[in-house]
Amino acid sequence: MFNKRKTMTDITKSDLLAALKKIDETDFNKDVLILNTIKKFDIIDHTLNLHLSLPIAEDKIPTQLKEKFESVLKKEYPAIKKINLKIEGRTGHSSETKSDSVLPGVKNTIAIASGKGGVGKSTVAVNLAVSLAKDGAAVGLIDADIYGPSIPLMLGISGKPRIYQDANSMKMVPLESYGIKVMSIGLLVDDSAPIIWRGPMASGAVKQFMSDVEWGNLDYLIFDLPPGTGDIQLTLVQTIPLTSAVIITTPQEVSLIDARKALKMFQRVNVPVAGIIENMSYFIAPDTKKHYDIFGVGGGSKLAAELGVPFLGGIPIDPRIRIGGDKGVPIIFDMPDDEHAKIIVDISRSLAAQIALNRNSSHDIKIILD
Ligand SMILES: Nc1ncnc2c1ncn2[C@@H]1O[C@H](COP(=O)(O)OP(=O)(O)O)[C@@H](O)[C@H]1O
Ligand SMILES: [Mg+2]
């Protein structure tokens, strides 16, 4: 596949992973080689610099792994003259075990994030989840906004999850609403009690939502993240074995600045961003049908173009969307034929398509070799 002459060839992260997976090593589970395990790679002057962070304890990494990886890479890419390979284990974060073992039945984990609060993350998360479920997917939703859980209200759920003892541990059964499985701290603590946990406790709770909840088989497990890009968000993002992130922003500059930060946070931890959704894009007066650009125009699509990620669409401001949230009856469910509900359905389908594409790694960072 490599041409030593002038032809350009792209090497992507998944090409590298595919090459690494060719090793023959009985003491090493190749399933841990997912995109996230490549922390860094570049090729400069026919030297490959590759940094792998494996979700296993440092002392469990087979001693001969480095040599074996180097030898498959050399065989696969004869044009690479030198390999600087660094392999580290991730013992410090016991949470960062391989996604398969944390959520064995879950195909895709999606974080819904934003830089700012109040841009409609939870509203969009709920409506996307219901829309994907209506299209036939098995969907779960984790309210990871530990300090401001709003998912139970938005889905009209109350009651406590059932707890049972399985062979080794206690498991919680998620509550179900509109065909999706849901878990939120709001279902476990009193509504009016302030949650004053520190960061590690918050990420500990989210970890438990993954490990101690009976999710079963899901096509998508969606995480509604708390707003911001501080330590708590960063810890959470590293705690969850994420396969995709979606950034929600309004069209205005103050929201875009923070959306940009959120996007960079995911890039820093190697989580592919499936796209940007603009919320509160415009308003159409119900009486006059006049179109108002309340928060400006085109910010979301411009940001997507600037950062090289897909723009998944814009959702208008619609009092019925707000009312649906407050009443616990999402617009997607209540008025599926409404024009604005259809916009959200289209976005959910674009998102599903983008995630499928990412799985096939077309979203990889490409490095040009000549
Ligand atoms: N497209 C929209 N049209 C009308 N109201 C909206 C829309 N999106 C969100 N809202 C309302 O804005 C408020 C904040 O939304 P929310 O989803 O809680 O934001 P976040 O989770 O980002 O903090 C809620 O009252 C919600 O009902
Ligand atoms: Mg929210």
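# Exercises on a predicted fold

The accessible surface of the protein comes to about 17200 Å², of which 53% belongs to carbon and sulfur atoms; the areas come from the Shrake-Rupley method with a 1.4 Å probe, and for residues only the protein chains shown count as cover. This is a predicted model: local features need pLDDT of at least 70, side-chain atom pairs count only at pLDDT 80 or more, and totals for chains, interfaces and linings use all residues. Residues are numbered from 1 along each chain as its sequence is written, chains are lettered from A and ligands numbered from 1 in the order in which they are written, and side-chain values use heavy atoms, with hydrogens and water left out.

## Exercise 1. Overall make-up

Task: state how many helices and strands the protein has, and what share of its residues counts as buried.

Solution. 
- Count the elements. The protein has twelve helices and 16 strands. Helices (H or I, at least four residues) and strands (E, at least two) are DSSP runs, numbered from the N terminus.
- Take the burial. Of the 370 residues, 53% count as buried. Buried means under 20% relative accessible area, exposed over 50%, and partly exposed in between (1.4 Å probe, protein chains only).
- Check the sequence range of contacts (heavy atoms within 4.5 Å). Among contacts between residues at least 6 apart in sequence, 75% join residues at least 24 apart.

## Exercise 2. The largest nonpolar core

Task: find which residues of the largest nonpolar core touch the most other members, and which element gives the most to this core.

Solution. 
- A nonpolar core is a set of buried Ala, Val, Leu, Ile, Met, Phe, Trp, Tyr and Cys residues joined through side-chain atoms within 4.5 Å.
- The largest core has 43 residues, and Phe-223, Leu-225 and Phe-266 touch the most other members.
- List the sources. Elements giving two or more residues to this core include strand E5 (106–113), strand E11 (218–224), strand E12 (244–249), helix H8 (253–268) and strand E13 (273–284).
- Pick the main contributor. H8 gives the most, with six residues.
- Look for another core. A second, separate one of 42 residues includes Leu-175, Ile-222, Ile-248 and Leu-312.

## Exercise 3. Phe-223 and strand E11

Task: say which residues stand opposite Phe-223, and why E11 is described as largely enclosed.

Solution. 
- Start with pairing; two strands pair if DSSP finds at least two bridges between them. E5 and E11 pair in the parallel sense over six bridges. Strand E6 (residues 139–143) and E11 also pair in the parallel sense, over five bridges.
- Widen the view. Leaving aside neighbours within four places in sequence, Phe-223 contacts residues including Thr-109, Val-206, Met-210, Ile-240 and Leu-242.
- Six of the seven residues of E11 are buried, so E11 is largely enclosed by the rest of the structure.

## Exercise 4. Strand E13

Solution. 
- Check cover. Ten of the twelve residues of E13 are buried.
- Ala-245 has Val-273 as its bridge partner.
- Take strand E15 (residues 311–317). Phe-283 stands opposite Ile-317.
- Take strand E14 (residues 291–292). Phe-283 stands opposite Tyr-292 in E14.
- Inspect the hairpin. Six residues lie between E13 and E14, and Lys-289 takes a positive phi near 65 degrees.
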